[in-house]
Amino acid sequence: MNALLQEELSEIVSNGAFGKNLKYDSFELNKEYVGEDQYMSTVLFGTVTTSDKSQYQVVIKLKLRDEELRVKLKIDYQFHNEITMYEKIIPFLFECHRSLKGIEDWPSLPRFFYGSNKCGEYSEKDLIVLENVKPLGYQLSEERLFIDYDHLVFALRALAKFHGLSYTAKYKDPHRLQKYVMYLRDTQFDVDGQWMLKNNALKKLGKRGVDRLIERSGDLYWDNEHLRRFNELIDDGNNTLRRALYHREPLSVVCHGDFNRNNLLFQYDDSGLPVDVLLFDFGTPRYGSPALDISFFLYMNTTKNMRESHWDDLLNEYCATLAKSVPSVVCVPNRAQLDSEMAACAIFGFAHASFFLPCQIDPSPIDSESDEEKSIELLLQRGGDKGTDLVADLVQHIVEMRYTNV
């Protein structure tokens, strides 16, 4: 591994990733930092020293060495997407924002130095080099299952600023935006049109929550029209998700695609309160409704009590920040429009939270050699009764909010 890094970094520095006319001096692995919560790649931290003795704190992402798992998880696609975001789409979004003299409170992102995605026999040499922002005070939240209100608010504000860049770009140069988003590769469906969890997994995952909801509150939900509609949606899971993901203008944006607390780094003040949020891990972006990111984030990171007591507050925070993050000539969705988008797209957030939340309770790996049917059965057992109750809580929220207009 060290020999590979030395060889690749020498060429990367010589090609100008860290500045013109520089040569590689050394790389020192930093064992103080570890790649926490990274499931799709190997993550290393270290210091690159160049010939002028400048030092750069970097994080290096390498592809998984297991080829079968790499194909199954579409790691090549994810590397392609992340490099495309950093090399093409994000610079374009910022360029549009600057040209219209947009608000300078931009979303925080790490500096991108280099990316390679040659694939095939070269996969082991493919890597992405980013700035390591941990020395700048950014870190993961201490909470590992759900996060508190302050963290939720700052995360949604960061998301609103990121989405705001798309609305500015659509106003400034919509044709170029459409050209760039066409470069993104889909990581949700395979070539046969099956969702990433196959064999109509959404029906099975959803039924886990529906059955528990009926068991504990059948008198309230047995004849509920939105629960019936929810059952219809999960019965046809692939097409339901495809409809939710399909972009509808004029509200679609470049979505992060995996906007979750494990892909957010918080910066704190002396009292321990968050003051900034940095977004990273752009492996699964897509062009679609802002509600895709919002529903994914809120269903993955809020308790039942938080949703019942602060759902409106959280969506209002997003809308208020979005309105303030764009130039005055740019139109963004208001709260009523966002509610409509949530009704059409929240099933996306549910689909992912229905299996990922129970896995957060019981994070033991699933054998990569298990067939699809066996893998789903194991997912349905994750988290035991607590996991089942969490999924039931999500079903209850979708039903109560009438988020079934997919």
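Contact here means heavy atoms within 4.5 Å, and angles run from 0 to 180 degrees between N-to-C directions, with axes fitted to C-alpha atoms, for helices over the stretch in contact. Helices (H or I, at least four residues) and strands (E, at least two) are DSSP runs, numbered from the N terminus.

A word on the source: this is a predicted model, in which local features need pLDDT of at least 70 and side-chain atom pairs count only at pLDDT 80 or more, while totals for chains, interfaces and linings use all residues. Residues are numbered from 1 along each chain as its sequence is written, and side-chain values use heavy atoms, with hydrogens and water left out.

Two strands count as paired if DSSP finds at least two bridges between them. β6 is joined to β8 (residues 264–268) by two bridges, and Y138 has Q267 in β8 as its bridge partner.

α4 (residues 149–172) also packs against α3 (residues 75–99), at an angle of about 70° and with the axes 8 Å apart. The two helices are therefore roughly perpendicular to each other, the label for angles of 65 to 115 degrees (under 35 is roughly parallel, over 145 roughly antiparallel and the rest oblique). On the α3 side the contact includes M85, F92 and H97, and on the α4 side F162, L165 and K172 are among the residues involved.

A second open sheet has five strands in the order β1-β2-β3-β5-β4, paired in the antiparallel sense. Its edge strands are β1 (24–29) and β4 (112–115), each with pairing on one side only, and the twist averages 25° from one strand to the next. Two of its pairings involve β3 (residues 55–63):

| Strand pair | Bridges | Sense |
|---|---|---|
| β2 (residues 41–50) and β3 | nine bridges | antiparallel |
| β3 and β5 (residues 127–131) | five bridges | antiparallel |

Residue I60 of β3 stands opposite L44 and has V129 as its bridge partner in β5. Likewise, K61 is partnered by I128 in β5. The hairpin of β2 and β3 has four residues between the strands, and K53 there takes a positive phi near 70°. Seven of the nine residues of β3 are buried, so this strand is largely enclosed by the rest of the structure. Buried means under 20% relative accessible area, exposed over 50% and partly exposed in between (1.4 Å probe, protein chains only).

Now for the cores. A nonpolar core is a set of buried Ala, Val, Leu, Ile, Met, Phe, Trp, Tyr and Cys residues joined through side-chain atoms within 4.5 Å. The largest one has 108 residues, and those with the most contacts inside it are W195, F230, F297, Y299, F350 and Y403. Helix α11 (residues 335–361) gives the most to this core, with 15 residues. Apart from it lies another core, of 18 residues, including F18, Y24, L44 and V48.

Which residues does H397 contact, leaving aside its neighbours within four places in sequence? They are Y299, R307, W311 and Y403. H397 lies in helix α13 (residues 384–401) and counts as buried at 9% relative accessibility.
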